[in-house]
Amino acid sequence: MQIILVGFMGVGKTTVGQLLAQQLGQPFVDLDYEFTMTMGATPGTYMHQFSEEQFRIAEYQILKKQLAKPNAVISSGGGIVTLPISRELMTDSNYFVVYLVSDFEVNIKRLTGDTHARPLVTKLSRNDLHHLWQMRQKHYRTVADLSIDTNGKTPTTIVEQIINKLNRGKTHG
């Protein structure tokens with residue numbers, strides 16, 4: 001099974017991805033971790049040393065490499081949809097793209113206190129983060145094969161919903 005999770009930072013892509021991979025018996029890939037291992041710097045450090053644009057290009061290359069894997073559950077970075085080439089890569093791949101949806105306020109609460117690992121949280125004002133969240137919504141929807149509302153749900157419930165939708169798709173597809 002080939003699944004990639006997309007959504008805004010703090011939505012729970014890594015937590016849900018790990019649990020989903022475990023339930024499906026598939027390897028789990030965290031793109032931010034892969035970025036760090038490949039580039040020798042965390043996404044935040046890399047953006048600080050270079051630029052967000054250079055980070056997105058490097059992130060695209062790592063995504064491309066990971067999408068070549070035959071089976072995996074991939075947790076993407078929140079801004080993976082920023083570059084058109086990354087969106088195109090996801091939509092043209094054999095991977096099933098799941099958009100984890102949550103309200104902006106829910107994301108902000110989850111991000112509070114996690115500023116070290118998330119450079120944009122410290123760099124941007126609350127209004128700027130909200131604008132970024134709004135701008136990315138259309139891109140997440142564009143690449144998604146399935147959208148799951150995560151508001152008020154546990155990771156286990158979200159994983160169950162994804163698996164149920166996947167099983168229904170197999171039955172009716």
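1. Ala 144 touches Val 97 and Tyr 99, not counting residues up to four places away in sequence. Contact means heavy atoms within 4.5 Å. Ala 144 itself sits in the loop between H8 and S5. Leu 83 lies 61 residues from Ala 144 in sequence and 15 Å from it in space, C-alpha to C-alpha.

2. Before going on, the ground rules. This is a predicted model, where local features need pLDDT of at least 70 and side-chain atom pairs count only at pLDDT 80 or more, while totals for chains, interfaces and linings use all residues. Residues are numbered from 1 along each chain as its sequence is written, and side-chain values use heavy atoms, with hydrogens and water left out.

3. Now the overall layout. The protein chain has nine helices and five strands. These are DSSP runs numbered from the N terminus: helices are H or I with at least four residues, strands E with at least two. Read from the N terminus, the order is β-α-β-α-α-α-β-α-β-α-α-α-β-α. The radius of gyration is 15 Å, close to the 16 Å from the globule rule for 173 residues, so the chain is as compact as a globular protein of that length. That radius is taken over C-alpha atoms, and the rule is 2.2 Å times the number of residues to the power 0.38. Along the principal axes, the C-alpha trace spans about 45 × 35 × 25 Å.

4. What is the order of the strands in the open sheet? It goes S2-S3-S1-S4-S5, five strands with parallel pairing. The edges are S2 (28-30) and S5, each of which pairs on one side only. On average, neighbouring strands of this sheet are turned by 20° against each other, direction ignored. Two strands pair if DSSP finds at least two bridges between them. As a reminder, strands of a sheet pair through backbone hydrogen bonds, either parallel or antiparallel.

5. S4 (residues 96-101) has partners on both flanks. S1 (residues 2-6) runs parallel to S4 and is joined to it by four bridges. S4 also pairs with S5 (residues 146-149) over four bridges, again in the parallel sense. Ile 4 stands opposite Val 97 in S4. Helix H8 (residues 126-143) packs on the sheet, touching S1 and S4, and its direction makes about 145° with that of S4.

6. Apart from neighbours within four places in sequence, Gln 2 is in contact with Lys 69, Pro 70, Asn 71, Ala 72, Asn 94, Tyr 95 and Phe 96. Gln 2 and Ile 74 are 72 residues apart in sequence, yet 8.1 Å apart in space, C-alpha to C-alpha.

7. On to helix pairs. The axes of H6 (residues 104-111) and H8 come within 11 Å and cross at roughly 125°, which makes H6 oblique to H8. The contact involves Phe 104, Glu 105, Asn 107 and Ile 108 of H6, with Arg 126, Leu 129, His 130 and Trp 133 of H8. By class, that contact has four nonpolar, two polar and two charged residues. Axes are lines fitted to C-alpha atoms, for helices over the stretch in contact, and angles run from 0 to 180 degrees between N-to-C directions. Under 35 degrees counts as roughly parallel, over 145 as roughly antiparallel, 65 to 115 as roughly perpendicular and the rest as oblique. As for class, Ala, Val, Leu, Ile, Met, Phe, Trp, Tyr, Cys and Pro count as nonpolar, Asp, Glu, Lys and Arg as charged, and the others, Gly among them, as polar.

8. How do H2 and H4 lie to each other, roughly parallel or roughly perpendicular? The axes of H2 (residues 31-39) and H4 (residues 52-67) come within 10 Å and cross at roughly 105°, so the two helices are roughly perpendicular. H2 contributes Leu 31, Glu 34, Phe 35, Thr 38 and Met 39, and H4 contributes Phe 55, Ala 58, Glu 59, Ile 62, Leu 63 and Gln 66. The residues of this contact divide into seven nonpolar, two polar and two charged.

9. H4 has another helix partner, H5 (residues 84-92): their axes come within 10 Å and cross at roughly 10°. H4 and H5 are therefore roughly parallel. Tyr 60, Leu 63, Lys 64 and Leu 67 of H4 meet Ile 85, Ser 86, Leu 89 and Met 90 of H5. That contact splits into six nonpolar residues, one polar and one charged.
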